[in-house]
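Trainee: Could you walk me through this one slowly, please?
Mentor: Gladly, and here it is.

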Amino acid sequence: MGERQCAGRKPEPTPLGAPEGREPGMGERQPSSLVDLLADARVWKLKDASASQRLSPSRPVWSTGSSALDARLPGGGWPTASLVEVLIDATGLGEMQLFLPAFVECQRRADGDVPWLAWIAPPHEPYAPALAQQGIELDRLLVIRPVTAMEALWAAEQALSSGVCAAVLLWLKGTDDRWLRRLKLAAEAGGALGVLFRPECHRFESSPASLRLLMTQGEREPRLELIKVQGGRPGLVDLGAP
Amino acid sequence: MKAHTVKTQTADLFTAPAPAPAPASAPAPALRLPTPQTPPAPRSTQLWYAVVFAPPAPVLQRLSLHAQQFTSLVSLEAPNALLLEVKGSLKLFGPLEHLQALIDARWRSLGLQAASAVAPSTLAALWCARAGKSLAIEDPAALAGRLAQLPIACTAWDADRLQTLHSMGITRLGELLRLPRAGLARRLGPAAVLDLDIALARQPGPRRAFVARQRFRERCEFETEIDHVAYLGKALEPLVGRCAQFLRERQAGVQTLALKLRHRAGPATQVRLGLASVTSERRRLADVLDQQLSRLELRAPVRALELASGALQPLSAVSLDAFSGFGNAGGPDTAAQLVERLRARLGEHAVYGVSTIPEHRPEAAWRRVHELQLDAAFAIAADRPHDAMPRPVWLLDEPSLLSRQEALQPNGWILEQGPERIESGWWDGKGVARDYYCARQARGAKLWIFQERHTKCWYLHGVFA
């Protein structure tokens with residue numbers, strides 16, 4: 001923190017023999033109001049600092065609750081401020097169990113304000129007793145039921161970029177690349193984890209998501225495959241391992 | 001206290017009530033204070049102007065606004081009278097006669113027939129005005145004598161009580177005041193005695209002051225008709241700014257706004273906006289209006305706009321960001337802002353929360369919550385007890401019947417856990433008798449299924465995701 005402050009606060013060295021045509025600095029022109037002062041690019045505001053810190057690469061990661069999966073993800077858990085895509089055709093393969101422990105952890109660990117979770121267009125009703133059993137804070141869960149896919153994407157973008165939600169889950173049939181990019185940018189701006197559930201048929205389309213997972217039915221147990229891992233190695237994950 | 005007074009005092013009303021005996025348990029005073037030998041004389045620091053309007057009864061709220069130019073304390077007396085406290089107004093409006101004439105002239109200028117009176121107590125003034133006696137009494141001690149001539153009908157008591165008095169042969173207030181107090185309370189009820197006490201300024205008669213309802217309402221006419229929603233947003237900006245200013249000046253906020261778009265012909269288009277929490281911030285108001293306008297389809301070009309606020313509500317004190325008003329330093333949203341933006345576009349019921357209900361039947365153990373806890377200060381509740389048996393993350397709206405083939409496949413299902421017998425709800429006609437199992441399909445999906453105990457049919461009710 002202190003180091004960042006120094007780096008941000010350091011003013012541009014003003015040469016003594018500055019040429020006449022140079023843009024007037026603060027020394028020559030007294031700022032007429034607080035507005036002018038704040039508009040000056042050299043003024044470092046604490047708010048910017050906290051915002052940039054949120055975007056810094058050393059963001060927290062959330063443990064997935066499965067050591068086998070943690071070991072395969074860069075940083076050892078779900079990355080925050082990014083978009084994760086889960087390709088899955090049917091529900092019931094344990095896809096929520098990949099995320100629920102992480103959400104519980106992030107709500108528990110928050111000091112002061114408990115972050116929100118937003119579930120947009122879930123396939124069925126989220127069953128409150130089950131979530132309470134797992135430890136999710138129900139007072140901080142927002143279920144959003146848009147009518148059209150466009151509204152769902154808009155709602156996801158709003159929720160991701162608001163900075164209120166820790167995680168935004170979105171279930172979609174299909175969408176175009178442009179919207180995914182917008183969601184990714186919103187997730188980075190709001191510092192939230194965006195999780196997008198899509199059918200398997202989108203597997204071979206390009207996607208800006210930093211992490212893509214494929215869940216299919218296996219012989220005995222569901223199969224989890226990492227298709228794309230930014231900063232990691234794709235491949236099958238053996239969930240059965242402790 | 002009142003009952004005590006009524007029971008113990010038998011003296012007539014003209015003698016003031018004796019001072020109450022000191023309670024026995026009170027400690028003896030260290031200093032011997034001089035005890036007042038004479039009971040306190042009735043005194044009043046107020047002076048009330050009452051006006052009674054002749055039928056048809058006018059709208060009192062509107063007249064109160066007129067009356068508020070003479071005094072800040074105006075009280076309504078349904079159906080046709082107003083009470084004005086004028087003691088404080090004497091300094092500005094001259095002697096009492098002048099003030100009374102001034103107010104009376106106001107009613108005449110409005111074309112109303114009215115009778116007025118001034119007295120040190122509310123009921124005395126009201127009764128005089130009802131009796132049509134244009135009295136102006138300033139001395140509280142003179143009240144009893146001046147009221148004596150009034151007919152008892154001017155008290156506007158209920159018909160039973162007036163009939164009782166009539167059968168007693170009492171027609172004037174003076175005759176009533178001469179009766180013993182205890183007997184009066186027994187015959188007419190303590191409320192009547194209290195009324196008399198208030199009228200004689202021996203008891204305070206508190207009144208509810210009239211407070212004008214405040215709303216922001218402003219209209220904006222266009223020189224040319226606007227047929228595009230985007231231009232409407234621009235035209236609204238100054239109105240929203242003035243509305244926010246209006247609210248800030250009153251330290252108040254609104255939770256609802258109404259926007260009316262007037263067309264050349266046909267009815268006006270009404271847009272209602274609800275906010276998730278009380279606010280007076282321009283940015284939030286503009287945000288919600290923008291969202292609503294973006295969904296709006298104009299039927300016809302708009303000639304005029306009208307923005308009206310809902311009822312003003314006191315704004316709870318929150319610390320504001322010193323810099324958020326400058327430039328585009330917006331700062332992050334709050335949960336209330338997010339929910340309100342989502343609701344403005346998706347509809348009120350598209351955004352909700354869920355909560356648990358302590359109930360055995362799975363479908364009745366949860367509900368949707370539309371009043372969300374949006375305040376930032378929020379503590380995690382202590383761990384509540386949960387069912388020991390696992391519950392699925394997804395619950396189907398209705399249990400779906402599994403076909404016979406599905407249910408009887410020899411290795412189609414592996415029952416992993418169960419049975420959990422749930423038998424409940426016989427009292428409200430939606431009784432269930434089921435055995436629940438956690439089942440794993442051969443291909444991997446984990447489901448929550450149950451067997452109806454009476455029909456032996458199998459149903460799918462949830463999905464462990």
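Predicted model: local features only at pLDDT ≥ 70, side-chain atom pairs only at ≥ 80, totals over all residues.

Trainee: Okay, how many residues does the contact take from chain B and from chain A?
Mentor: It takes 45 residues from chain B and 46 residues from chain A, where two residues are in contact if their C-beta atoms, placed from the backbone, lie within 7 Å.

Trainee: And which element gives the most on the side of chain B?
Mentor: That is β10(B), with six residues; helices (H or I, at least four residues) and strands (E, at least two) are DSSP runs, numbered from the N terminus.

Trainee: How do the residues on that side of chain B divide?
Mentor: They divide into 27 nonpolar, 10 polar and eight charged, with Ala, Val, Leu, Ile, Met, Phe, Trp, Tyr, Cys and Pro counted as nonpolar, Asp, Glu, Lys and Arg as charged, and the others, Gly among them, as polar.

Trainee: What does β10(B) pair with in chain A?
Mentor: Strand β6 (residues 141–144) of chain A pairs with β10(B) in the antiparallel sense over two bridges, and pairing requires that DSSP finds at least two bridges between the strands. Within β10(B), Val351(B) is the bridge partner of Ile144(A).

Trainee: Switching topic, at what angle do α5 and α10 of chain B pack?
Mentor: Helix α5 (residues 122–130) and helix α10 (residues 190–199) of chain B pack at an angle of about 90°, with their axes 6 Å apart; axes are lines fitted to C-alpha atoms, for helices over the stretch in contact, and angles run from 0 to 180 degrees between N-to-C directions. The two helices are therefore roughly perpendicular to each other, a label for angles of 65 to 115 degrees.

Trainee: Which residues make that contact?
Mentor: On α5(B) they are Thr122(B), Leu123(B), Ala124(B) and Trp127(B), and on α10(B) they are Asp195(B), Ile198(B) and Ala199(B).

Trainee: Last one, how many helices and strands are in chain A?
Mentor: Chain A has eight helices and 11 strands.

Methods. Residues numbered from 1 in each chain as written. Chains lettered and ligands numbered in written order. Parallel < 35°, antiparallel > 145°, perpendicular 65-115°, else oblique.
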